[in-house]
Amino acid sequence: MRTASGSNADRSRFTVLELELAEIVGQWDPIGVGPARVADGEYDDLVRPILIELGHGVRDRALAVKIAGAIDSDYGLAMREQQARGVAGTITAWWAQQPNVL
């Protein structure tokens, strides 16, 4: 999951769905930047790649692997898949509740 891209993080062009997902990822705050930086969209570059994975039917554990890899490669924070399992589960549960997604 490649995330380091300005086009992945242009919140002004985010849909409602993308904004909701950005909120979920921001609440998780994997690198501990705190509320001010999260409010600025610190993790917005993860949103569109995660949505692409969800659209391909990714499951919790595979999504956790992809998120952990993105945190490692894009943010320089070594992260194991187990550390991303909680947010991956939250994201896939949220996705399953979206109308017109399945």
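Helices are DSSP runs of H or I with at least four residues, numbered from the N terminus. The structure is a predicted model, in which local features need pLDDT of at least 70 and side-chain atom pairs count only at pLDDT 80 or more, while totals for chains, interfaces and linings use all residues. Residues are numbered from 1 along each chain as its sequence is written, and side-chain values use heavy atoms, with hydrogens and water left out.

Glu-81 is found in helix α5. Glu-81 is buried, with a relative accessible area of 12%, where buried denotes under 20% relative accessible area (1.4 Å probe, protein chains only). Apart from neighbours within four places in sequence, Arg-61, Ala-64, Val-65 and Ala-68 are in contact with Glu-81, contact meaning heavy atoms within 4.5 Å. A separation of 4.7 Å is found between the C-alpha atoms of Glu-81 and Val-65, which lie 16 residues apart along the chain.

Helix α5 also packs against α1, at an angle of about 155° and with the axes 10 Å apart. The two helices are therefore roughly antiparallel, a term applied to angles over 145 degrees. To this contact α1 contributes Leu-17, Glu-20, Leu-21, Ile-24, Val-25 and Trp-28, and α5 contributes Gln-83, Ala-84, Val-87, Thr-90, Ile-91, Trp-94 and Trp-95.

Helix α3 (residues 47-55) is largely enclosed by the rest of the structure, because seven of its nine residues are buried. These are Val-47, Arg-48, Pro-49, Ile-50, Leu-51, Glu-53 and Leu-54. Their cover includes α1 (16-28), α4 (60-75) and α5 (81-96).

Methods:
Buried means under 20% relative accessible area, exposed over 50%, partly exposed in between (1.4 Å probe, protein chains only). Axes are lines fitted to C-alpha atoms, for helices over the stretch in contact, and angles run from 0 to 180 degrees between N-to-C directions. Angles under 35 degrees count as roughly parallel, over 145 as roughly antiparallel, 65 to 115 as roughly perpendicular and the rest as oblique.
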